[in-house]
Amino acid sequence: MNSSGLRILVVDDELGMREGCRKILTSEGYDVEVAEDGVAGLDLFKERGNFAVALIDLKMPRMGGIELIEHLRALDEDVVIFVITAYATIDTAVEATRRGAYGYIPKPFTPDELLLPVRNGLDRRTLSIEAKRLREERERRLLELAVERSKSSTIISCMTDGVLVINRDRQIVLQNAAATRILPDCAAAPLPAPMERLGCTGLQALMEDALTSGPGPMIASREVALDRCTYMVNASPVREPTGEVSGAVVVLRDITALKKLEVAKSMFISMVAHEVKSPLAAIEGQLMAVLSGAAKDSPNQEKDMIERSLLRARTLRTMVSDLLNLTAMETGNFVIKRSPLDLRKVVAEAVESHRERAEAKHIELILAKGEGGADGLVLADRDSMFMVFANLIDNAVKYTPEHGHVNVRIEQEGVCVRVSVRDDGIGMAPEEKDSAFDEFFRAKNQYTVYVPGTGLGLTLVKRLVDMHQGKISVQSEPGKGSTFTISLPTAE
């Protein structure tokens, strides 16, 4: 899309954010205006008008973002509105969407994270305006519109949101490609198809609300769960010039990511409450015992208390490091420098760094070289690779009982170098294995309750392997141990 001449309004009470957005958008050819709060933004919108996009902060003096969204939508129904804020919850994001916001851009963001949604929003605006023009030119009845759906399908098939159109007879007369993916049960049905083919009572009820609405504009909204995804569904009646309802248009937007964000936030709070509070309490108790002289007559006992405190402190440091690395990856600030690397040396260093800990539990830690050898170099960041294998070996030692075995094997197979870490520890159930790489996930059973951890180690491992164009897999059975296998392409 040609950005020349397109006007964008940025409303934010932070000068740095306003000017940052102006710089990014102006460099792409957009004409950008800025305002320091909601009232100034509304006045500017009324005075200048003709804005294609509005970027609005939620929390501002004089007039908040939610109220400003309503005013702008009333002035121009085609303006594409984005919420930019660092404090939005799922409730505020859903509320902003209901009031007319197109999307949500969390702070802080990179230039690409700002420009991509803006471009998508402008594309949708163009499609929406064109669809409106075509709708006004077409016949009055939506069933007749279905005869000419080949013309309109070119427009709506490009939309990532699912779109359904039903007529007054409760028949589906139009659906785009996204809708058929969301609702596979009605994908194969010839049009027009009865509304019951949707197979979702919540969706049907929303359509019925739109068809039986009273006079005046109306948008019915509801969250609907379909398969493993959650959608924000908006239904609106289509009216004749006489005011009679001739059908309804339904738009399904995937908000699964927002829901997962809310769950992840709750899990994070729970994890911090446990993983930070418990170690700090243990450290405080041990150090107070040492300071009180409770173990002054037993140097060994005093040393043991200090060592336990140090172990807890290291656990906290690891958690903080994992959180910082994960945050850097999420915001695009995690930098890797890939160069030809002998993976054998990195794996050997990771093994030796855990040798003492394994011996303390009488675990046999073995590094083996496969029959195919491992002479090929990989194109990788050394520190990242050490973090990957140190995490895997640490988990293997941590979840393997005393007198167990941990085998690390490296070999080259064709154009890949493969490293496997196998233990004969507690293993994982199938549902635990499926969630092994999820953020903050930790299996909860009688074996893991006393094992410290954050549930971030395997998430970091998966992200780092993906950044190196590699693959990671896991095989595990309860009571029979686990095997994690990583394949990385050779430098050649």
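Which residue takes a positive phi in the hairpin of β17 and β18? The residue is G479, with a phi near 80°. Welcome to this predicted model, whose protein chain has a mean pLDDT of 79.

**Confidence**
- In the protein chain, 83% of the residues reach a pLDDT of 70 or more.
- Strand β1, residues 7-11, has the highest mean pLDDT among the elements, at 91.
- Helix α6, residues 142-147, has the lowest, at 55, so please read that helix with its value in mind.

- Strand β17 runs over residues 471-477, and strand β18 over residues 481-489.
- Seven bridges join the two strands, which pair in the antiparallel sense.
- Across this pairing, K471 stands opposite S487 in β18.
- Three residues lie between the strands of the hairpin.
- On β17, I472, V474 and S476 make up the covered face, while K471, S473, Q475 and E477 form the uncovered one.

**One side of helix α3**
- Helix α3 spans residues 65-75, and its buried residues are G65, L68, I69 and L72.
- These residues lie on the same side of α3 because they cover an arc of only 105° around the axis.

**A buried aspartate**
- D423 belongs to strand β16, which covers residues 416-423.
- The side chain of D423 does reach the backbone nitrogen of G425, at 2.8 Å.

Note on methods: Residues numbered from 1 in each chain as written. Heavy atoms only, no water. Buried < 20%, exposed > 50% of the residue type's maximum accessible area, 1.4 Å probe, protein only. Helix = DSSP H or I, 4+ residues; strand = E, 2+ residues; numbered from the N terminus. Pairing = 2+ DSSP bridges. pLDDT = per-residue confidence, 0-100. Arc of directions from axis to C-beta. Polar contact = N/O pair within 3.5 Å; in protein donor to acceptor, adjacent residues only side chain to side chain.
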